[in-house]
Amino acid sequence: MSQRMTMDEVLKEYGVPQIKLDIHATRSELLKLREKLMAIRDLSNGTEQGYLDLDCKLYIDVDDIDRYLSGELDTVGEIYAFPEDIKSYKE
């Protein structure tokens with residue numbers, strides 16, 4: 001199971017962040033993802049665990065910020081996950 005860092009750990013290891021970006025998903029999206037991740041565990045008889053691995057860069061420029069602040073954009077940026085982003089590892 002992954003361990004989420006506390007804010008104190010982030011500050012100690014990396015310093016003060018410039019910005020915090022939250023990840024949101026609908027309930028149905030999360031349930032579908034959970035089902036796929038659980039299938040990996042079920043098919044491997046519990047020897048592997050599924051996880052979502054997104055290796056990406058997110059570019060935000062002044063134009064993106066201005067358009068978001070003016071209400072033209074709903075979000076300042078978006079990251080998409082695809083089936084090939086679902087991975088497994090042996091426990």
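These notebook entries record what I looked up in the structure.

**Basis of the entries**

I worked with a predicted model, in which local features need pLDDT of at least 70 and side-chain atom pairs count only at pLDDT 80 or more, while totals for chains, interfaces and linings use all residues. I numbered residues from 1 along each chain as its sequence is written, and side-chain values use heavy atoms, with hydrogens and water left out.

**Entry 1**

I took helices (H or I, at least four residues) and strands (E, at least two) as DSSP runs, numbered from the N terminus. I looked up helix H2, which covers residues 27–43 and has 17 residues. From its first C-alpha to its last, H2 reaches 24 Å, close to the 24 Å expected at 1.5 Å a residue; the expected span is 1.5 Å times one less than the number of residues.

I then turned to the loop between H2 and strand E1 (48–52), where Ser44 lies. Is Ser44 buried or exposed? I found Ser44 buried, because its relative accessible area is 14% (buried means under 20%, exposed over 50%, and partly exposed in between, with a 1.4 Å probe and protein chains only). A polar atom of the Ser44 side chain lies 3.2 Å from the backbone oxygen of Arg41.

**Entry 2: Lys87 in strand E2**

I located Lys87 in strand E2 (residues 86–90). Lys87 is partly exposed, with a relative accessible area of 32%. Which residues does Lys87 contact, leaving aside its neighbours within four places in sequence? I recorded Ile40, Gln49, Gly50, Tyr51 and Asp53, where contact means heavy atoms within 4.5 Å. Lys87 and Tyr51 are 36 residues apart in sequence, and their C-alpha atoms are 5.4 Å apart in space. The side chain of Lys87 also reaches the backbone oxygen of Glu84 at 2.9 Å.

**Entry 3: the aromatic pair**

I searched the whole structure and found one aromatic pair. The pair is formed by Tyr51 and Tyr89 and is tilted, at 5.6 Å centre to centre and 55° between the planes. Rings of Phe, Tyr and Trp (its six-membered ring) pair if their centres lie within 6.5 Å; planes under 30 degrees apart count as stacked, over 60 as edge-to-face and the rest as tilted. Tyr51 lies in strand E1 and Tyr89 in strand E2, so the pair ties together parts that are 38 residues apart in sequence. I noted Tyr51 as partly exposed at 31% relative accessible area, and Tyr89 as partly exposed at 32%.

**Entry 4: salt bridges**

How many salt bridges does a search of the whole structure find? I found two, where a salt bridge is a side-chain nitrogen of Lys or Arg within 4 Å of a carboxyl oxygen of Asp or Glu. Lys20 forms a salt bridge with Asp22, with the closest N and O atoms 2.9 Å apart. Lys20 is exposed at 62% relative accessible area, whereas Asp22 is partly exposed at 47%. Arg67 forms a salt bridge with Glu72, with the closest N and O atoms 3.1 Å apart. Arg67 is partly exposed at 28% relative accessible area, whereas Glu72 counts as exposed at 52%.

**Entry 5: just after helix H3**

I finished at Gly71, which comes just after H3 and takes a positive phi of about 95°.

Note on methods:
A polar contact is a pair of N or O atoms within 3.5 Å; within protein, one must be able to donate a hydrogen and the other to accept it, and residues adjacent in sequence count only if both atoms are side-chain atoms.
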